[in-house]
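Here are my notes for you, as numbered points. Keep the viewer open while you read, and look up each residue as it comes along.

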Amino acid sequence: MKTISENACFGGTQGVYSHASTACNCEMTFGLFLPAEAKDGPVPVLWYLSGLTCTHENAMTKAGAQAWAAEHGIAVVFPDTSPRGDDVADDEAYDLGKGAGFYVNSTQDPWKPHFQMWDYISDELPALLGKNFALDMERRGITGHSMGGHGALTLAMNLPGRFLSVSAFAPIANPTASDWGKKQLSAYLGSDETSWSKHDATLLMQDVGFDGPVLIDQGAADQFLDLLKPEALSQAMAAKRQEGTFRMQKGYDHSYFFVSTFIEDHIAFHAEALYAG
C-alpha cells in the first residue's frame with residue numbers, strides 16, 4: 001500500500017492511498033478519513049460509495065462528511081467506482097466502463113478481467129483496511145449516492161450482519177427496470193436476467209429487506225427521477241414494513257449540493273446505530 005497524501009482535517013487525518021488489487025487486477029486508489037479518536041484505538045467505520053463518473057475524490061472533497069464524522073468519532077472510507085489503468089476496458093459512454101463499475105462482479109468480456117467491484121468492496125478492501133488502520137470492523141455502516149446508493153443498498157441486503165446501518169442519497173433504486181441498470185447489468189452480467197436480481201435494491205427489499213435501520217433521501221427536483229425509480233423502493237419498504245425512513249426533499253436535485261445538505265443527518269443516523277452496536 002502506498003500513501004499518496006495525508007492532510008490534517010478536523011482534528012483527524014484525510015488520507016489517500018493506493019494498492020495493487022488482486023480482485024480488480026490493477027492499481028486501486030481510495031480515500032480514508034480517520035478522526036482524532038483513531039489515535040487511541042479502533043473506531044467505527046462508514047463506507048461511502050460514489051456514483052457514475054466519480055472517483056474516490058468527489059465525495060471526499062464535496063460531500064462535507066469529515067466535519068460530522070469527526071464530531072461522532074467515525075472513520076469514512078471513499079473507494080473508487082471502478083478499476084483504472086491503460087489496459088482496463090472502457091466505453092465511449094459515461095455510464096459504462098471506467099467510473100461506472102456498478103458494484104458487481106462482471107462475468108462478461110471485455111469487462112471480466114478487471115470489473116470485480118463486488119469482491120473488491122465486500123472482501124479485498126475491508127481486509128486491507130482492517131490490517132493497516134485503527135478501524136473497528138465489527139461496527140460498520142454503508143451509504144452512497146446514485147450508483148453508489150445502489151451499491152450500498154445491495155451490499156447491505158446481500159451481506160446480512162455485515163453492516164449495522166444503511167443509507168442512500170438518490171439511489172438507482174430499481175435498475176432491472178431502468179435504463180440505468182439494464183444497460184450495465186446486461187453488459188457486465190450477460191442477458192440472463194435472473195443474475196441481475198441480487199443487484200436490485202427494490203427486489204431485494206421485497207425479498208429479504210435489511211435487518212437494521214434504513215435512511216433514504218431523494219431530491220424531488222432530481223433530473224434523473226425517471227431513471228432512479230425511487231417510488232419502487234419506497235413502496236417496497238412500506239410493503240416489507242422495513243425499519244426506516246424515506247424522504248423526498250423538495251427542490252433538491254441530483255448534485256453534491258443535495259448530498260452535502262443532508263450528509264449531517266446521514267452521519268448522525270449511522271453514528272446512532274454504530275455506537276449502539
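1. At which residue does helix α3 bend? The bend is at glutamate 124, by about 35 degrees, in a helix that covers residues 117-132. A proline, proline 126, follows within four residues. The bend at a residue is the angle between axes fitted to the seven residues ending there and the seven starting there. Helices (H or I, at least four residues) and strands (E, at least two) are DSSP runs, numbered from the N terminus.

2. Before going on, a word on the source: this is a predicted model, where local features need pLDDT of at least 70 and side-chain atom pairs count only at pLDDT 80 or more, while totals for chains, interfaces and linings use all residues. Residues are numbered from 1 along each chain as its sequence is written, and side-chain values use heavy atoms, with hydrogens and water left out.

3. Back to α3: its buried residues include Met117, Trp118, Glu124 and Pro126. Buried means under 20% relative accessible area, exposed over 50%, and partly exposed in between (1.4 Å probe, protein chains only). Among the elements that cover these buried residues are β2 (12-21), β3 (26-34) and α4 (147-158). Have a look at Trp118 too: lysine 198 lies over the face of its ring, at 4.9 Å from the ring centre. For this, NZ of Lys or CZ of Arg must be within 6 Å of the ring centre and within 35 degrees of the ring normal.

4. Now the sheet. It is open, with 9 strands in the order β1-β2-β3-β5-β4-β6-β7-β8-β9 and mixed pairing. Two strands pair if DSSP finds at least two bridges between them. The edges are β1 (2-9) and β9 (244-249), each pairing on one side only. Neighbouring strands are turned by 20 degrees against each other on average, direction ignored. At the β9 end, β8 and β9 run parallel over 6 bridges, and glutamine 218 has methionine 248 in β9 as its bridge partner.

5. Which helices pack on this sheet, and which strands do they touch? Helix α8 (residues 230-240) touches β8 and β9, and its direction makes about 150 degrees with that of β9. Helix α9 touches β4 (43-49), β6 (135-144), β7, β8 and β9, and makes about 175 degrees with the direction of β7. Contact means heavy atoms within 4.5 Å. Axes are lines fitted to C-alpha atoms, for helices over the stretch in contact, and angles run from 0 to 180 degrees between N-to-C directions.

6. On to the rings. Rings of Phe, Tyr and Trp (its six-membered ring) pair if their centres lie within 6.5 Å; planes under 30 degrees apart count as stacked, over 60 as edge-to-face and the rest as tilted. The count comes to 11 aromatic pairs. Phenylalanine 169 and phenylalanine 258 make an edge-to-face pair, 6.1 Å centre to centre with 85 degrees between the planes. Phenylalanine 169 is in strand β7 and phenylalanine 258 in helix α9, so the pair ties together parts 89 residues apart in sequence. Phenylalanine 169 is buried, at 0% relative accessibility, and phenylalanine 258 is buried at 0% as well. Ring pairs also link Phe169, Tyr252, Phe258 and Phe262 into a cluster.

7. Finally, lysine 112 sits in the loop between β5 and α3. Is lysine 112 buried or partly exposed? Its relative accessible area is 47%, so it counts as partly exposed.
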